[in-house]
Amino acid sequence: MSDLGVDKLFIYRFDAATGALSPDDPPFIAAESGGGPRHFVFDAAGKFGYSLKEMSGFVTVLAWDPSNGSFTSVQDARTLASDFIGASDSAEIAIHPNGRFLYESNRRFRGPNLWGPDTIGVFSIDPVKGTLTEVEQVPPGGTMPRSFAIDPTGSYLFSANELTGNVLLFRVDNNTGRLTPTKTDLKIDVPVCIVFAPAGK
């Protein structure tokens, strides 16, 4: 569990028989001071975890040892372009269904001037090491990409832009991970979360 306020990732043991949670030993892994861990995802194989830091602008790659419930830090990948200077709040993170690419969003800093990059970062995932390599930074088609979601087929990414009140649809290249904006731009007041649900029969 990510806790931005105390800069820690808390780890709990799950009892499948009772559904109960209990703190692991040790019960957490500490992030850097002021990093602000916001969201966390595992890869499909459960070998690596990816912790998105809202305040510091890094994705920390963590190797997972299920035998003792522990993480080992592998990499801190910067979420912003190397030449970017300024403030940003990282927001959302997701792994493509094919397991080869990781996506994360960088929104405008919530300061008096509301400035920042407003991008969706695309990274390739090393299949052995779990490490990240930047592929591209893409404008989200609006202001403050608070959330996004990849459809279950991995063909499309929906970018929810909070301040401009729109959700822009991107086509995803399954071979390169790159995003191409489409002409589908949904006008939705203050979109902050996208969830896919099975269609009714």
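**Figure 1. The surface and overall build of the protein.** The protein exposes about 10,500 Å², and carbon and sulfur atoms supply 57% of that area. This is a predicted model. It has 15 strands and zero helices. The radius of gyration is 17 Å, close to the 17 Å from the globule rule for 201 residues, so the protein is as compact as a globular protein of that length. The C-alpha trace spans about 50 × 50 × 30 Å along its principal axes. Of the 201 residues, 41% are buried.

**Figure 2. The largest pocket and its lining.** The volume of this pocket is about 190 Å³. Its lining has 14 residues. Asp43, Gly99, Arg100, Ile125 and Pro127 lie nearest the centre. By type, the lining holds eight nonpolar, three polar and three charged residues.

**Figure 3. A cis peptide bond at Pro26.** The bond joins Asp25 and Pro26, with omega at about 5°. Pro26 sits in strand S3, which covers residues 21-30.

**Figure 4. Met144, a residue with positive phi.** Met144 is not a glycine, yet its phi is near 65°. It lies in the loop between strand S11 (132-138) and strand S12 (145-150).

**Figure 5. Val190, another non-glycine with positive phi.** The phi of Val190 is about 50°. Val190 belongs to the segment after strand S15 (179-187). Its relative accessibility is 44%, so Val190 counts as partly exposed.

Definitions and conventions:
Residues are numbered from 1 along each chain as its sequence is written. This is a predicted model: local features need pLDDT of at least 70, side-chain atom pairs count only at pLDDT 80 or more; totals for chains, interfaces and linings use all residues. Side-chain values use heavy atoms; hydrogens and water are left out. On a 1 Å grid over the protein atoms alone, a cavity is a set of points where a 1.4 Å probe fits but cannot get out, and a pocket is an open set with protein on both sides within 12 Å along at least five of seven lines; lining residues have an atom within 4 Å of a point. Grid points are joined across faces, edges and corners, and a volume is the space filled by probe spheres set on the points. Ala, Val, Leu, Ile, Met, Phe, Trp, Tyr, Cys and Pro count as nonpolar, Asp, Glu, Lys and Arg as charged, and the others, Gly among them, as polar. Helices (H or I, at least four residues) and strands (E, at least two) are DSSP runs, numbered from the N terminus. The radius of gyration is taken over C-alpha atoms; the globule rule is 2.2 Å times the number of residues to the power 0.38. Buried means under 20% relative accessible area, exposed over 50%, partly exposed in between (1.4 Å probe, protein chains only). Accessible areas come from the Shrake-Rupley method with a 1.4 Å probe; for residues, only the protein chains shown count as cover.
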